Structure formats: structure tokens, C-alpha cells
Amino acid sequence: MSERISSCGSLYDSTNLLLQYCNNDDTVSAGSNMDMEDRVSHLEQKLQLQEDEIQLLKAALADALRRLGCCEEQSAGGQRAGLHAAGRRPLATTAPAPATKGRQLLQALPSRPLSNGYVQQKRLLSSPSSPKKEMLQSIKRKSMSTERLTMVRRELGAESRSRTTSSSSSSGGKSKTKECTFNAEDGYVRMFLRGRPVTMHVPDQLKESYSLDHKVPLPDRKLKLQWVYGYRGRDCRSNLYLLPTGEIVYFHASVVVLYNTEEQQQRHYLGHNDDVKCLSVHPDMVTIATGQVAGNSKDGKLQAPHVRVWDSVSLNTLHVLGMGVFDRAVTCVAFSKSNGGTFLCAVDDANDHILTVWNWQKEKQLADVKCSNDSVLAAVFHPMDANLIVTCGKSHINFWTVEGNTLTKRQGLFEKHEKPKYVLCVAFAENGDAITGDSSGNIYVWAKGGSRISQLVSGAHEGGIFSLCVLKDGTMVSGGGKDRKVVLWDHDYKRKAEMEVGEPLGPVRAVAEGKPGELFLGTTKNAIVRAAFPDTLTQIVQGHTDELWGLDVHPSMEQFVTCCQDKQVHLWDTISHQPLWSKTIEDPGRCAGFHPSGAVLAVGTMTGRWLVLDTDTRDLVSMHTDGNEIISNIKYSPDGNFLAVASHDNFVYIYAVTETGRKYSRVGKCTGHSSFVTHLDWSADSQHLVTNSGDYEILFWEASSGKHVTNMDVVRNQQWATSTCPLSFNTFGVWPDGADGTDINAVCRSHEGSLLASADDFGNVHLFSFPCSQPRAPSHEGSGHSSHVTNVAFLHDDSHLLSTGGKDTSILQWAV
């Protein structure tokens, strides 16, 4: 025992060295050449790195003390409960065990828990256009002491590992491959995430034959995108059109969708690598142009915003415009009309919102000009004059004349009329007049060739007018925001008819003419509706509108459930691709799980509350609250007799389930994680649980009591009903080289057991062979999401894979 305490003293000394480096690091002198802003930014980055290192140190100390406590348990059985509590939760509990140097140090460290620190914030605040990895690389580049910190961290990790109960005292039987090691004597593989060791135990039957040098084969099946659920209407406009093929074209995430509503078939243009923000159809009704935002590749390199011109029949890319020209994003794009569509104009999202004109077939830029300091919402060519472009946005409408390589501006004059805060949309009448809708609900008509108002339709809508569409017969349709009304106007701008879109579908964002007498409406709640006057409204596309994490599949039917931070729960049918029902809940949703009978499903929220819904009637069956933090995972046992509720408060709550999922009573609480719980799996016999946490722990539990299982021989050979924990012996091969521990958000094993899917932070879905127990295993990749992919799940028959996007709010269905 004295040797172990001495080891803790050594750990304390190493820790002091680390803290000394943190505190005595080189500082930026006030007299340096860096300006104040750069110095502040530099110091903030160094502070963030130091906080991150301290959190890592705390976690390592907690792990070392837990293992020390386990040894003390075995030698002093009478003090098992007290020592175990002291070893596993030193920040939350006290124990009668003697205070060692290590415990004193741990208590003296800053008390900010990891669950509320950098790792969690990074996940919740990550954005598709500025991933966390770039920030980490920037910190590493700018910090003066990174190499020293890393050196001390590795030394500390080596000391801690040498004292773990699962390590071998001899070097015999060990083989290494870069960062992973295999201990053949004790039968475990150890990988490292951000310097933290993660130990995974090898089943007995594989101990003799396992080697890190074995190669995992590529799976014999690949992913093919079959269906995109949702539409991007919440922050985009003029992005819905009907093609002569009978398909409507729109976009969601990085996919442009061509949807034949009669045949219920989708085709997909997959040329983009990040969010698509704008779309235009050429006068030939075949060629399409789409613009995207700037993005970041997996290796952190910036991917430039650009416009892609492509063929909607073959889906082949014809031209790529603007690489290195546009800034941030391309927000508006339009083909010219009167000269056969030779020109293309685009506006980017730079501070000056640069308007550029292109000969797209020659990929040649003809002209550019600063458009406006304020946001630009639309840019279109006049249908009768290829040299006239109209732009509108915040407090302005401008008429631009193209003359050679210059653009000359005439400002629209409101004169005696009310100047709106935003001019939201523009269309053109048959006679060439420009028509605008604005945020005040007014329609202005601008006489052809001029920049003055010739007619006013006051109060056309209550609130903003998001879309105007002039029909083939010369009449016009307007779509309202606040009032959610669709209004039909005659040639003299007199109201002929109107209808109201229901509140669940949201305000009208885009209007497109369909077949005679038919309209297609896109809404701000990411839905598409087929409409006809006087009051026919049929929803054909439904989507979520906020960050999406919750996903689970029905145990025996072609159905799946999603829940989202928009407080919506949808039960989907994978054949009709429509919701069977939708329900609004009180709190933002985070996770969901079906009962094995399929009769009920549980939904976890962002507030600690979880509820149970009847899958047939969507009625509320039960509601409970465990803590006040995010419920990150919720899962029934295979026999349906237990429910595990994993929380960001570091606990897993276990409930006994009776009456086929209609009655719940808490029977256990799993206490032992030092960070928030991220994933969990049940054993096939429903007797044990395995969990992962935000600080890369793998812990095992008895289901009936919530007791922590420390004897690996009990669980080493356990068969697991599911494999959704990214940190396990059968799944660790999904982690890419240099992963920071949050790059993989979810994994899922196919029901027949030969495939493993993963969801990563780079917008990709990967398909691996299962088991995936070799470092950096090869995979097939599926692209379509434009932000971090949050979840994946195989249908009950493994015919399809479903994936959910975080910030892009999309659901993708893949044929396997």
C-alpha cells in the first residue's frame, strides 16, 4: 500500500510540474509589435489550452484514484463502499479513507466540471462553416508551451498507466501500431484520444489470435443516397421550382433534390461539399446553377464558396465558377433571360456583398461591383433586358446596368411612399414592370426602365411578403410571412382569392407555379406544400427546423422516430417518406428509443425531463424528470423490462418497466462517471450496461442495481444487444487518425451483425465491416450532410440506413 501512496506522490510531483508550466508560460509583452486585439486573442487561446489541459489532468487523476480505490477494496473489503465513492467521485463526495497527496491535489484543482467545459461547449456550439478542429489547430500553432505541456502530459499518462490494475508489469507480449497498443498477456487494447488512454478488453476467444496488424476488409455493400427528408426554407428563398420533367427542384444540406411527386421518386445532385444557399433554373429549363457556402475539409483546409452549373437530366457538372472569388458564401444566383441565358449573376456574403456577372459557359467573370453594405436578399436579371439586373435587400432596391466590364447603379426611389426596412422579393410582370414585396406587407410596382414607383398595393399582407410569383396567365401570387396567407392577384393587382397555410407548416417562404391551377409552396418550417385555390393544401415534404440528434428505428416495421430541439417529435414511414404523426412537446428533444414491443417510445429532452408516447395514438403515457441537464441517451433493455436514461449530470438512471412500457419505477442509479454520459448499450441478456462518457471512459454496470462492475472478467465476453458506443473493442476502428475524441458522434451495428455505420463531425456517414477492431479501419463513405452528423441507425431488416444532421436539420435515408 505504501508503494501505491508513493506512486500518488510521484503523480503529485508531475502534476506540480505541469501546473508550473501552465502558470509560468511565456507571455506576450505589452511592448510587442502585436496590437491589443491580437494580444487578447492570443491570451484567450492560451487560457483555453491551459483549461483544457487541467480538465484532462483532473480526469486522469480521477481515473488513477478510482483504480487505486479498486485495489484497496480487494485488500480491505470492509471499507469497499467508502473507498469506492472516494475513488470515483472525489469532487462530489467525501470518504473516510485517508487523504493522499493525489486526493488533496484533485480537490484543490478548479472545480469546473468537464461536462460544463470546453468539450461539451465545443459540441453544442459547433458550426458547419467553422469546425472545432480548426480552432484547436490554431491554438496549438500559437501557444508557446504546447510541446512542453504535451511532454509532461505523456509522462503523466505513462505513470498513471503503469499503475492500472489491467496493465501488464512486463513488456513481453506487447505489439504497437502508432498510438494503439495491445497487451496480449492481460488481453486489452489501449488507444489514445487527446492524450488520454482508453482501454478496451479483448474477448477470451480472440486473445490468442488478435493482432493490431490484421487488416479489416472493406464491407461488400456500399451506401447510396435514396431519400432526403426536409427542405431548407428557414433561411433561404427563391429555391423551389418545377421542371418540365415533372420534378420539383430544391435543396437541403449539401444536396440538391429533384423530386417527382407523382412517381414518389427522388434524384440527387451531390456535387457540393457544404451548405447550398441559392438556386436558379436556366431558361432552357434543364441547366441549373447552385451556390454554396465556404466550408472546411477533414484536414482543416478551407473549401472556397463557389457556383456549380449542372445538367438536371444527367446530373453532370458542367462548370464551376468563382473559386477564390467569392467570400463566405454565395447567397444569390440567377441566369439572364433575354439573351438565351448567356450571363449569370451572383452575390456573395462578404461585408460589401459583391455582385459579379459571368459568362458561365466560358467560366469568365465579366464585371463586379460592391452591391451594398447591408444584406442582399435577391438578385435577378430583367426578363427583357440582359444588361439590367435588379437587386434588393435591407432598405434598398437597386437597378444595375451592365456596360462592358462595369456595372452602373440606379437606386430605387421611394419618394412619398413608406420606405420599408427590407425589400424581400422581386418579380416581373408581363409588360416588364418590376414588382417588389417588402417587410411592411406592401407591394410596389416599378415602371419598366425606370426606378420610380408607378403603383402601390398597400397592406397586401399583414407582415412581410417573402415571395412573389407571376403565373403564365399574367396573374400573380404572393406569399405572406406573419399572416401565412397565399393571395392571388389579377392583372390590375386586385385581390382575386386567398388561402391560409396552417400554423404547423409555418409562414410561406417560396412560391412556384406547378401544373395549371396548382402551386408549390415552401415554408419557413422546412415543409413543401402542394396548393390550389380556393383552399386545397397537401403537405408533400416535412422537415425539422433546429439541431437534430434524436433517432431510433421501429423494432419490426419500416418506421423510425426523430426528435429535435424544435420541440417536434415525428414518427416517419420509410416507404411513403411522410410522417405518420407529429407531436409538439414542451421541451427541446434530444434522444428517443422504442420499446421492444413497438407499442411505446421514450423521448429524452434537453431539460432532464423524459416522456413516453404511445406509438399508435401519440398520446402521452408517462412523464418523469431526472436532474436538470440534457438526457443524452435513452434505451430499453432487449427484454423490455428496464429503461436506461443517460444524462449530462454524469449519471445513468435505471427504471423497471411493466405493463408493456406503460408503468415505470426507478430501481437504480449508476454513479461513477466523471463526465457526462454520451452512449450506452444493453447486454443481450438484459443484465448489464456499458456506457461511454465525455472524457472517454468505458464503464460497466449491473442493470438491476446500477452497481459499477469493476471485474472485467464478468463483462469481457458479454454479448451486446446493440453496438452504439464508439469506444469499445468492436468499434474503435472507426476513429480516424489524430481524432480529438469528439470526431465520432454515433455508431450503429447492423442487426445481422456484419456492418457498422458511423456518424462524424465532417458531414460524412461511413460504412465499416463489423467487428471493427483494428485501428483506422477502411470504410465506404456517404456524403450529403453539411454539418456534423449526429446519429445513424439501421432499419430493422438492415435494408436501409438513416442518418441525422445537426445544424443542417436533415434526415438522409441510404440504401445499403
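Which order do the strands of the open sheet of 4 strands have? The legends below take this up, then turn to other views.

This is a predicted model, in which local features need pLDDT of at least 70, side-chain atom pairs count only at pLDDT 80 or more, and totals for chains, interfaces and linings use all residues. Residues are numbered from 1 along each chain as its sequence is written, and side-chain values use heavy atoms, leaving out hydrogens and water.

**View 1. An open, antiparallel sheet.** The strand order is S36-S37-S38-S39. Strands are DSSP runs of E, at least two residues long, numbered from the N terminus. Two strands pair if DSSP finds at least two bridges between them. S36 (548–553) and S39 (578–584) are the edge strands, each pairing on one side only. From one strand to the next, the twist averages 20 degrees (axes are lines fitted to C-alpha atoms; angles run from 0 to 180 degrees between N-to-C directions).

**View 2. The pairing of S38 and S39.** S38 (residues 568–573) joins S39 in the antiparallel sense over 6 bridges. Gln568 has Thr584 in S39 as its bridge partner.

**View 3. Asp740 in a loop.** The loop runs between helix H9 (712–715) and strand S52 (744–749). Helices are DSSP runs of H or I, at least four residues long. Asp740 counts as buried because its relative accessibility is 6% (buried means under 20% relative accessible area, with a 1.4 Å probe and protein chains only). The Asp740 side chain reaches the backbone nitrogen of Thr742 at 2.9 Å.

**View 4. Contacts of Ile528.** Beyond its neighbours within four places in sequence, Ile528 is in contact (heavy atoms within 4.5 Å) with residues including Tyr231, Leu521 and Val541.

Methods: Buried means under 20% relative accessible area, exposed over 50%, partly exposed in between (1.4 Å probe, protein chains only). A polar contact is a pair of N or O atoms within 3.5 Å; within protein, one must be able to donate a hydrogen and the other to accept it, and residues adjacent in sequence count only if both atoms are side-chain atoms.
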